Amino acid sequence: MFAQDRPVVESQSPRALPVGRTTPVTEVHGPADRVSSAYRRYLKRLDIALGTC
């Protein structure tokens, strides 16, 4: 990390990701959402709930 990047990196705060950990995800997914749905299942399987969006 460079000194010029430090303020940007330190200003980031992780947000809760919409992976349905506390409540089920109530969205309807179509064929175009296959990759994002797989990614959410992957995050849920790894028990990852915080990140940057």
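**Fold, confidence and side-chain features of the predicted model**

Among contacts in the protein (heavy atoms within 4.5 Å) between residues at least 6 apart in sequence, 70% join residues that are at least 24 apart. The structure is a predicted model, in which local features need a pLDDT of at least 70 and side-chain atom pairs count only at pLDDT 80 or more, whereas totals for chains, interfaces and linings use all residues. Residues are numbered from 1 along each chain as its sequence is written, and side-chain values use heavy atoms, with hydrogens and water left out.

The protein contains two helices and two strands, these being DSSP runs numbered from the N terminus (helices H or I, at least four residues; strands E, at least two). Read from the N terminus, the elements follow the order α-β-α-β. The average pLDDT, which is the predictor's confidence in each residue on a scale from 0 to 100, is 78 for the protein, and 75% of the residues score at least 70. Confidence is highest in α2, with a mean of 87, and lowest in strand β1 (residues 15-16), with a mean of 73. Where pLDDT is low, the predicted coordinates should not be read in detail.

Of the 53 residues in the protein, 13% are buried, where buried means under 20% relative accessible area, exposed over 50%, and partly exposed in between (1.4 Å probe, protein chains only). The protein exposes about 4,800 Å², of which carbon and sulfur atoms supply 57%; accessible areas come from the Shrake-Rupley method with a 1.4 Å probe, and for residues only the protein chains shown count as cover.

One salt bridge is found in a search of the whole structure, the term denoting a side-chain nitrogen of Lys or Arg within 4 Å of a carboxyl oxygen of Asp or Glu. The side chains of Arg6 and Glu10 form a salt bridge with an N to O distance of 2.8 Å. Glu10 and Arg6 lie about one helical turn apart, because they are four residues apart in helix α1 (residues 6-11). Glu10 is exposed, at 53% relative accessible area, while Arg6 is partly exposed, at 46%.

A nonpolar patch on the surface is formed by Tyr39, Tyr42, Leu46 and Ile48, which together have about 380 Å² of accessible area. Patches are made of residues with over 30% relative accessible area and no salt bridge, like charges being joined within 9 Å and nonpolar side chains (Val, Leu, Ile, Met, Phe, Trp, Tyr) within 5 Å. Tyr39 belongs to helix α2 (residues 34-45). Asp47 is placed in the loop between α2 and β2 (50-51), and although Asp47 is not a glycine, its phi is positive, at about 60°.
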